[in-house]
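Here's a quick briefing to read with the model open beside you.

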Amino acid sequence: MYKGKILLVEDDKLQAQTTRDYLESIGYDVKWAENGKTALKIAKTQPIDIILLDIILPDINGYELCRWLKLNQDTKSIPIIMLTVKDSTMNKVEGLQAGADDYLAKPYHETELNARIYASLRTKSLQDELKEKNRQLEEILAKVEILAITDPLTLIPNRRHFEVTIEKEFNKTVRYKTPTSCIMIDIDHFKSINDEYGHRVGDIVLKEMANLIKNCIRKVDTVARWGGEEFVILLPGITKEKAYNAALRIRESLQKYKFSDIHKPITISIGISSIPNPSIDSSEKLIDAADNALYEAKAKGRDRIETI
């Protein structure tokens, strides 16, 4: 039965052949390297499960080779058992300090060698299993985090994420005395769309509106679904005048857009607020000001842009 691939680093050909024959007889696939240079090449280019490393090699000290293997990203997770005739405590300590996982003095009994290989592979298997579980957990947590800040219908950031983002950006704006603008957008008469075409089509309109807005703003800007048929945009470094131009681009893009399953024009009302503004001293007030401008646009007949 196949048990794994072993890299045997041994300059003594007779010892290497004896060890290789034994390990292959009990199911291991053994690759032999008689010097450090060959061992490095094999370890970096082939899937090795464990390395049996002799300390005395013709071209490089086994301790140095061990250190290199443990520092290299491609080989650092491979267990290393050091093999040597040097059996003093200091030799063992030096080997372990170099990164070896185990130490076996020559001459060794084949049964003990097999037991140590098995123990190292079992430990590696448990470590690999733990790493995989941690990786899976990190993936799950990342997905949960994305879900927590994303609107499930439009797949753009939700209100919670926007409030956190605008708070950070507002503080940065105050610190560096740069402008920032906020745009609130409301789809006019959205209830009539749901009543006439159904909620499924209404949901499609919201999705397509979100994409339309995203395509009209910069990557550094943040668009989020504020609630219902309302969207909000944060534009860092943008003055009120430039924010007004951005709002115009959105309206012009909307006028040209053909919504799925909708056979009548859709319009939007837009409110804009900006800082610096002496009456706005918090991110909440920046949002409220844009919201007030939006309601003014609605009160004046909708399908228009108002600023504060």
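In this predicted model, E7 and E8 pair in the antiparallel sense, with five bridges between them. Where the two strands form a hairpin, two residues lie between them, and Gly 228 takes a positive phi near 55°.

**The sheet around E7 and E8**

- These strands belong to an open sheet of five strands, in the order E7-E8-E6-E9-E10, and the pairing is mixed.
- E7 and strand E10 (305-307) stand at the edges with a single partner strand each, so one side of each has no neighbour in the sheet.
- From one strand to the next, the twist averages 20°.

- Helix H8 (residues 199-214) lies across strand E6 (180-187), E7, strand E8 (230-236) and E9. Its direction is at about 15° to E8.
- Helix H9 (residues 240-256) lies across E6, E8, E9 and E10. This helix runs at about 165° to E9.

**Aromatic pairs, and a charge over a ring**

- How many aromatic pairs does the structure hold? There are two.
- Phe 162 and Trp 226 make an edge-to-face pair, with 6.0 Å from centre to centre and 80° between the planes.
- Phe 162 sits in helix H6 (residues 159-176) and Trp 226 in strand E7 (residues 222-227), so this pair ties together parts that are 64 residues apart in sequence.
- Phe 162 is buried, at 0% relative accessibility, and Trp 226 is buried too, with a relative accessible area of 10%.
- Tyr 257 and Phe 259 have ring centres 4.7 Å apart and planes at 70°, so their pair is edge-to-face as well. The cut-off for that label is planes over 60 degrees apart.
- In this pair, Tyr 257 is partly exposed, with a relative accessible area of 32%, while Phe 259 counts as buried at 9%.
- Back at Trp 226, find Arg 159: it lies over the face of the Trp 226 ring, at 3.9 Å from the ring centre.

**The other sheet**

- Another open sheet has five strands in the order E2-E1-E3-E4-E5, and its pairing is parallel.
- Which strands are at the edges? They are E2 and strand E5 (102-105), each pairing on one side only.
- The twist here averages 20° from one strand to the next.
- Strand E1 (residues 4-9) is mostly covered, with six of its six residues buried.
- In a regular strand, side chains alternate between the two faces of the sheet.
- On E1, both faces are covered: Gly 4, Ile 6 and Leu 8 are buried on one side, and Lys 5, Leu 7 and Val 9 on the other.
- E1 and strand E2 (residues 28-33) run parallel, joined by six bridges. The bridge partner of Gly 4 in E2 is Tyr 28.
- Strand E4 (residues 80-84) and E5 also run parallel, with four bridges joining them. Thr 84 stands opposite Ala 105 in E5.

**Helices lying across the other sheet**

- Helix H3 (residues 62-71) lies across E1, E3, E4 and E5, and runs at about 175° to E4.
- Helix H5 (residues 110-149) lies across E1, E2, E3, E4 and E5, at about 175° to E5.

**A look at Asp 54**

- Asp 54 is found in strand E3 (residues 50-54).
- Is Asp 54 buried or exposed? With a relative accessible area of 4%, Asp 54 is buried.
- Its side chain makes a polar contact with the side chain of Lys 106, at 3.5 Å.
- Leaving out residues up to four places away in sequence, Asp 54 touches Val 9, Glu 10, Asp 11, Gly 62, Leu 83, Thr 84 and Lys 106.

Definitions and conventions: Residues are numbered from 1 along each chain as its sequence is written. Side-chain values use heavy atoms; hydrogens and water are left out. Rings of Phe, Tyr and Trp (its six-membered ring) pair if their centres lie within 6.5 Å; planes under 30 degrees apart count as stacked, over 60 as edge-to-face and the rest as tilted. Buried means under 20% relative accessible area, exposed over 50%, partly exposed in between (1.4 Å probe, protein chains only). A charge sits over a ring if NZ of Lys or CZ of Arg is within 6 Å of the ring centre and within 35 degrees of the ring normal. A polar contact is a pair of N or O atoms within 3.5 Å; within protein, one must be able to donate a hydrogen and the other to accept it, and residues adjacent in sequence count only if both atoms are side-chain atoms. Contact means heavy atoms within 4.5 Å. Two strands pair if DSSP finds at least two bridges between them. Axes are lines fitted to C-alpha atoms, for helices over the stretch in contact, and angles run from 0 to 180 degrees between N-to-C directions.
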